[in-house]
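Subject: Structure for you to look at

Hello,

I am passing a structure on to you, with notes on what was found in it. Please have it open while you read.

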Amino acid sequence: MSAPVGATAPAGQVDRGAPVLRAEGLVKTYGRVVGLDGVDLEVHPGEVLAIIGDNGAGKSTLIKCLTGAVVPDRGQLYLDERPITFKRPQDARDAGIETVYQTLAVAPALDIASNIFLGREQRRKGVLGSVFRMLDTAGMRASAEEKVRALGIQTIQNMTQTVETLSGGQRQAVAVARAAAFGSKVVVLDEPTAALGVKESGQVLRTIQELRASGLPVILISHNMPHVFEVADRIHVQRLGRRAAVITPQTHSMTEAVAIMTGASPGR
Amino acid sequence: MTTTTAPSAPSSAAEEFEQRRRSPLQRLQLVLHRRPELSPAAVLLVAVIIFGLINERFWQPANLSLVLQQVAVVAALAVGQTLIILTAGIDLSVGAVMILATVVIGYLVSARGAPGWLALLVGIVVGTGAGLLNGFLVTRIRLPPFIVTLGTLNILTAIALLVSGGISVPGSELGGLLTFTGTSFPVGPFRVTTGVLVVLALYAVVGFALRQTAWGRHVYAVGDDAEASRLAGISVNRVLLSVYTIAGLIFGLTAWVLIGRAGSASPNAGVEANLDSITAVVIGGTSLFGGRGSLLGTLLGAITVGVFRNGLALAGVDVLYQTLVVGVLVIAAVAVDQWIRRVKA
Ligand SMILES: Nc1ncnc2c1ncn2[C@@H]1O[C@H](COP(=O)(O)OP(=O)(O)OP(=O)(O)O)[C@@H](O)[C@H]1O
Ligand SMILES: [Mg+2]
């Protein structure tokens with residue numbers, strides 16, 4: 001609009017197109033505790049938006065509002081700039097927003113393919129599927145394998161392996177693959193590297209980059225600054241229930257980010 | 001140093017590596033983990049061979065047919081019990097539900113002059129209702145299944161005695177349809193009762209639903225990790241309610257098998273069935289922690305119990321020792337399950 005021709009727009013203000021998901025003035029109180037105090041947020045196509053903040057800053061509450069796990073008291077969500085309301089997690093999922101919870105939400109005794117399709121199994125074609133309700137096990141396995149390969153996940157070989165026999169990183173990969181397979185709008189990851197070693201964290205970060213490369217925006221909550229600065233395009237700094245600033249790895253250092261987080265620096 | 005590059009398939013090389021790293025015991029653990037019904041199958045096979053060697057009457061078709069008829073009722077109840085245990089629940093009331101359905105059928109026919117088919121239908125509805133009640137208390141009132149079914153065990157047993165007045169209705173009064181499950185026909189050298197066929201059909205239908213439908217997969221998932229299932233979009237309560245209700249239906253249907261087997265509608269037949277059904281499920285390799293097991297294993301478990309009782313009797317072993325051996329089997333089966341569950345990547 002007002003940017004002079006030829007001027008390099010400062011990072012963070014690059015025109016990224018209309019946001020896929022946008023939140024406006026989200027308020028959520030728990031009795032007298034204010035979890036969210038009027039938070040705005042937007043995620044653009046093909047970007048990784050990190051959310052950082054101190055304990056109790058409202059990060060989890062914020063993404064819960066985005067994924068239907070919590071209904072905000074006030075404020076409005078927009079999906080592709082159209083107002084939308086989520087009453088339960090299934091609503092957000094139906095709208096194309098997939099979440100990888102910190103607890104992973106996998107069924108250990110079921111195999112990888114069953115976990116990826118858990119809650120949305122595919123039935124066979126014809127009477128076998130419609131009358132006898134038979135599952136298309138082979139089809140789901142093949143398509144699970146495709147999803148996992150598409151994310152460049154090498155460590156998972158066999159879709160019939162039960163999840164409990166996988167390492168922590170591989171389980172995380174299964175959960176991320178499930179989200180990626182069905183998330184058509186946004187994938188939300190809550191602390192995906194918190195429990196992982198260096199190598200396994202690296203795998204998850206690569207997967208996040210694969211997701212971005214495929215055009216799917218990712219919201220990443222993390223306390224790990226190096227990870228955030230490695231993959232994030234923009235960083236939403238949450239502080240005391242508000243958005244203190246939105247910064248980028250290019251314009252700010254980790255020290256500066258932490259300063260905004262803790263209130264030592266005002267941000268913006 | 002030669003630099004020949006051997007053509008290598010990475011996945012098979014990785015598999016080979018896996019194989020070499022594992023001890024035979026670990027490999028066994030892995031195999032059992034994948035197929036929990038293999039351990040009861042092995043126990044059954046060994047038992048059948050040994051009991052036959054001790055007393056060759058054991059192997060006679062007439063005796064083997066008898067074993068099947070003896071285990072039919074417990075095997076049928078164990079179908080419902082398996083569903084419930086797969087969800088990490090337990091049902092202590094299975095026998096009581098069956099007996100209530102049995103005496104209701106007897107009462108309707110003898111005291112009310114109802115036709116057999118109608119009495120049977122009402123009996124099955126009563127069983128289903130009892131299952132629904134268990135399911136309601138577990139999912140809505142959020143009581144532990146152990147407590148709920150301990151309560152309904154007592155309640156339903158009392159009601160069954162009230163309805164029947166403690167008196168059996170003889171088969172002659174019940175009519176052809178209700179005692180139909182007791183009729184037998186030859187299959188080669190064996191004699192199979194219709195009741196056994198009903199039970200096998202039950203296994204086939206429920207086994208199909210467990211293995212081949214989304215419902216079955218959700219039963220396993222809910223027992224495995226209820227919270228993960230909820231977050232994956234599964235309605236946990238609906239799955240649990242369906243499991244308890246379907247189990248109740250199965251227990252009601254088993255009343256028909258029981259009437260055929262006992263030749264009467266008796267409030268006293270099969271009182272030990274509550275715990276026997278759990279025994280069959282556990283020996284069949286289904287985990288009491290939920291999410292793991294199979295109906296095939298339960299069938300093998302039920303037959304194993306019957307084979308041990310029959311084989312030990314033919315070997316001249318006292319009834320008390322038969323019971324003792326079954327107890328040892330149960331503990332061994334749970335110990336094996338614990339070991340299998342510790343399988344690592
Ligand atoms: N269910 C709840 N009941 C009451 N208060 C809550 C509830 N959930 C969150 N809060 C409060 O809301 C505020 C924000 O919590 P939230 O969990 O969103 O923080 P967070 O940024 O995710 O923190 P952490 O880094 O520790 O996970 C905190 O003060 C918290 O105590
Ligand atoms: Mg949190």
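How many residue pairs are in polar contact between chain A and chain B? The count is seven residue pairs, both residues at pLDDT 80 or more. Please keep in mind throughout that this is a predicted model.

The interface

The contact takes 26 residues from chain A and 21 residues from chain B. Between them, the two chains bury about 2,000 Å², and 60% of that area is on carbon and sulfur atoms. The rule finds one salt bridge across the interface. B:Arg292 and A:Glu164 form a salt bridge, with the closest N and O atoms 2.9 Å apart. On the side of chain A that touches chain B, α2 (89–94) and α5 (137–150) of chain A each supply at least two residues.

The cores

The largest nonpolar core has 96 residues. B:Met98, B:Leu178, B:Tyr203 and B:Val307 are the residues with the most contacts inside it. Leaving out residues up to four places away in sequence, B:Leu178 touches B:Ile105, B:Val109, B:Gly116, B:Leu120, B:Trp256, B:Ile259 and B:Gly260. There is also a second, separate core of 36 residues, which includes A:Ala144, A:Met159, A:Val204 and A:Leu205.

A hairpin in chain B and what follows it

Strands β2 (residues 184–187) and β3 (residues 190–193) of chain B pair in the antiparallel sense, over four bridges. They form a hairpin with two residues between them, and B:Gly188 in the turn has a positive phi of about 60°. B:Pro186 stands opposite B:Arg191 in β3(B).

B:Thr193 is in strand β3 of chain B. Its relative accessible area is 9%, so B:Thr193 is buried. Not counting residues up to four places away in sequence, B:Thr193 touches B:Gln69, B:Thr181, B:Gly182, B:Thr183, B:Ser184 and B:Phe185.

B:Gly195 lies in helix α10 (residues 194–212) of chain B. B:Gly195 counts as buried because its relative accessibility is 2%. With residues up to four places away again set aside, B:Gly195 touches B:Thr181 and B:Val257. B:Gly195 and B:Trp256 are 61 residues apart in sequence, and their C-alpha atoms are 8.0 Å apart in space.

Elsewhere in chain B, B:Gln322 lies in helix α16 (residues 319–341). B:Gln322 is buried, with a relative accessible area of 7%. Apart from neighbours within four places in sequence, B:Gln322 is in contact with B:Arg309, B:Leu312, B:Ala313 and B:Val317.

Most residues other than glycine have a negative phi. A:Glu191 is not a glycine, yet has a positive phi of about 50°. A:Glu191 lies in the loop between β7 (186–190) and α7 (198–213) of chain A, and counts as buried at 12% relative accessibility. Phi of B:Arg142 is near 60°, also a positive value in a residue other than glycine. B:Arg142 is in the loop between α6 (116–139) and α7 (145–164) of chain B, and counts as exposed at 60% relative accessibility.

Salt bridges

Over all chains, the count comes to 17 salt bridges. One of them joins A:Lys185 to A:Asp80, with the closest N and O atoms 2.7 Å apart. A:Lys185 lies in the loop between α6 (168–182) and β7 of chain A, and A:Asp80 in the loop between β4 (74–79) and β5 (82–84), so this pair ties together parts that are 105 residues apart in sequence. A:Lys185 is partly exposed at 25% relative accessible area, and A:Asp80 is partly exposed at 32%.

A:Glu98 forms a salt bridge with A:Arg120, the closest N and O atoms being 3.0 Å apart. Because A:Glu98 lies in strand β6 (residues 97–100) of chain A and A:Arg120 in the loop between α3 (112–116) and α4 (126–130), the pair ties together parts that are 22 residues apart in sequence. A:Glu98 is buried, with a relative accessible area of 3%, whereas A:Arg120 is partly exposed, with 22%.

A:Asp233 and A:Arg212 meet through their side chains in a salt bridge (3.0 Å, N to O). Finally, A:Glu42, A:Glu47, A:Arg234 and A:Arg243 are linked in a network of salt bridges.

Regards

Note on methods. Residues numbered from 1 in each chain as written. Chains lettered and ligands numbered in written order. Predicted model: local features only at pLDDT ≥ 70, side-chain atom pairs only at ≥ 80, totals over all residues. Heavy atoms only, no water. Pairing = 2+ DSSP bridges. Core = buried A, V, L, I, M, F, W, Y, C linked by side-chain atoms within 4.5 Å. Buried < 20%, exposed > 50% of the residue type's maximum accessible area, 1.4 Å probe, protein only. Contact = heavy atoms within 4.5 Å. Buried area = accessible area lost by both parts, 1.4 Å probe. Salt bridge = Lys/Arg side-chain N within 4 Å of Asp/Glu carboxyl O. Polar contact = N/O pair within 3.5 Å; in protein donor to acceptor, adjacent residues only side chain to side chain.
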